[in-house]
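Let's take a quick tour of this model, starting with an annotated site and moving on to a helix and some rings.

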Amino acid sequence: MSPHSSPRRAERPPAPEPLPVPVVDNHTHIDIERDGVAMGADDGVHGVIAQARVVGVDRLVQIGCDLESARHTASVVDRHPEVLGGVALHPNEVPVLAAAGELDAALEEIDRLARGERIRVVGETGLDYFRTPPEGRGAQVEAFRWHIAKAKELGRALQIHDRDAHEDVLRVLAEEGAPEKTVMHCFSGDIGMARECVERGYLLSFAGTVTFKNARDLRDALSVVPLDQVLVETDAPYLTPHPHRGAPNAPYLVPLTVRVMATTLNVSVPELCAAISENSERVYGPW
């Protein structure tokens with residue numbers, strides 16, 4: 001979840017041109033409302049899924065990153081075959097829980113929820129130095145290490161949240177030993193970091209930020225990622241792709257991001273879609 005600042009617009013964008021090959025939204029938050037607008041305002045999760053399927057986004061990974069949303073995620077994935085889930089404590093949740101003396105109990109519940117058959121991700125976890133002051137970062141690091149260990153114990157993919165903490169994220173992953181399937185969610189690093197992540201075998205997931213006019217450095221980073229290590233996501237309801245930046249995001253807007261990614265990678269849209277779909281199934285297993 002990466003609620004970067006951008007001008008707010010309440011209207012729901014129109015559906016883009018459908019993709020020629022179905023893809024996966026690798027990271028979304030169905031349960032979160034933005035400015036009072038829910039992704040599935042009329043039909044709930046059914047509406048989100050149906051709207052996305054029409055444009056070629058036929059599978060979703062729903063991420064729950066606090067206890068309430070993790071419980072919701074566990075319920076959603078059991079009721080909707082198009083949705084797999086991930087659960088964790090977001091790095092910005094961790095210092096608050098630690099200060100209240102509630103972190104250990106919260107991690108115990110995440111452990112229990114992560115064992116569900118359709119929970120395929122431990123995440124999003126990681127470090128966030130934008131919203132957390134220095135005094136809270138020690139707790140973030142320790143919780144990050146716990147989540148890494150849990151992903152390896154359970155054989156789950158690990159999804160990383162990294163905001164203004166690139167060096168420490170890479171350092172902790174190296175110290176702990178990253179799981180075989182590690183995804184840099186909403187990748188925000190430069191070309192050097194992208195090369196480092198590729199070398200380590202991580203997958204890099206790109207959100208609507210890669211479409212922003214001022215995101216040339218992010219597109220440069222994408223350009224060095226092999227097709228078998230690339231994923232796409234919305235991080236909805238945030239990070240809505242151009243030309244709808246500031247409006248509520250949802251999985252049906254993935255095609256806008258995919259087309260910019262295909263241009264950046266100098267591949268056809270069908271080729272990129274096929275790669276994204278194959279990579280998603282390899283990382284998360286069958287839906």
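Is Glu124 buried or exposed? Keep in mind that this is a predicted model. Glu124 has a relative accessible area of 0%, so it counts as buried, the cut-off being under 20%.

The UniProt record, an unreviewed entry, puts a "binding site" feature at His27, His29, Glu124 and Asp235. These positions are spread over 209 residues of sequence, yet they cluster in space, with a largest C-alpha distance of 11.0 Å. Glu124 sits in strand β4 (residues 119–128), while His27 belongs to strand β1 (residues 23–28). His27 is buried too, at a relative accessible area of 0%. Its side chain makes a polar contact with that of Glu124 at 3.0 Å, and another polar contact, of 3.1 Å, joins the side chains of His27 and His29.

Now for the helix. In α6 (residues 166–176), the buried residues include Val169, Leu170, Val172 and Leu173. Viewed down the axis of α6, the buried residues fall within an arc of 165 degrees, so they line one face of the helix. The background is simple: an α-helix has 3.6 residues a turn, so residues three or four places apart point the same way. On the face turned away from the buried side, α6 carries the exposed residues Glu167 and Ala174. And what do the buried residues of α6 pack against? Their partners are β4, α5 (137–154), β5 (157–163), β6 (182–184) and α7 (191–200). β4, then, is a partner of α6 and also the strand that holds Glu124.

On to the rings: the structure has two aromatic pairs.

| Pair | Centre to centre | Angle between planes | Type |
|---|---|---|---|
| Phe187 and Phe206 | 5.7 Å | 55 degrees | tilted |
| Tyr284 and Trp287 | 6.4 Å | 85 degrees | edge-to-face |

Phe187 is in the loop between β6 and α7, and Phe206 is in strand β7 (residues 203–206), so this pair ties together parts that are 19 residues apart in sequence. Phe187 and Phe206 are both buried, and both Tyr284 and Trp287 are buried as well.

Two arginines also sit over rings. Arg59 lies over the face of Trp287, 5.7 Å from the ring centre, and Arg163 lies over the face of Phe130, at 3.8 Å from the ring centre. Trp287 thus has Arg59 over its face and Tyr284 as its edge-to-face partner.

Methods
Residues numbered from 1 in each chain as written. Predicted model: local features only at pLDDT ≥ 70, side-chain atom pairs only at ≥ 80, totals over all residues. Heavy atoms only, no water. UniProt positions renumbered as here; feature names shortened; annotations may be inferred. Helix = DSSP H or I, 4+ residues; strand = E, 2+ residues; numbered from the N terminus. Buried < 20%, exposed > 50% of the residue type's maximum accessible area, 1.4 Å probe, protein only. Polar contact = N/O pair within 3.5 Å; in protein donor to acceptor, adjacent residues only side chain to side chain. Arc of directions from axis to C-beta. Contact = heavy atoms within 4.5 Å. Phe/Tyr/Trp six-rings, centres within 6.5 Å; stacked < 30°, edge-to-face > 60°. Lys NZ or Arg CZ within 6 Å of the ring centre and 35° of its normal.
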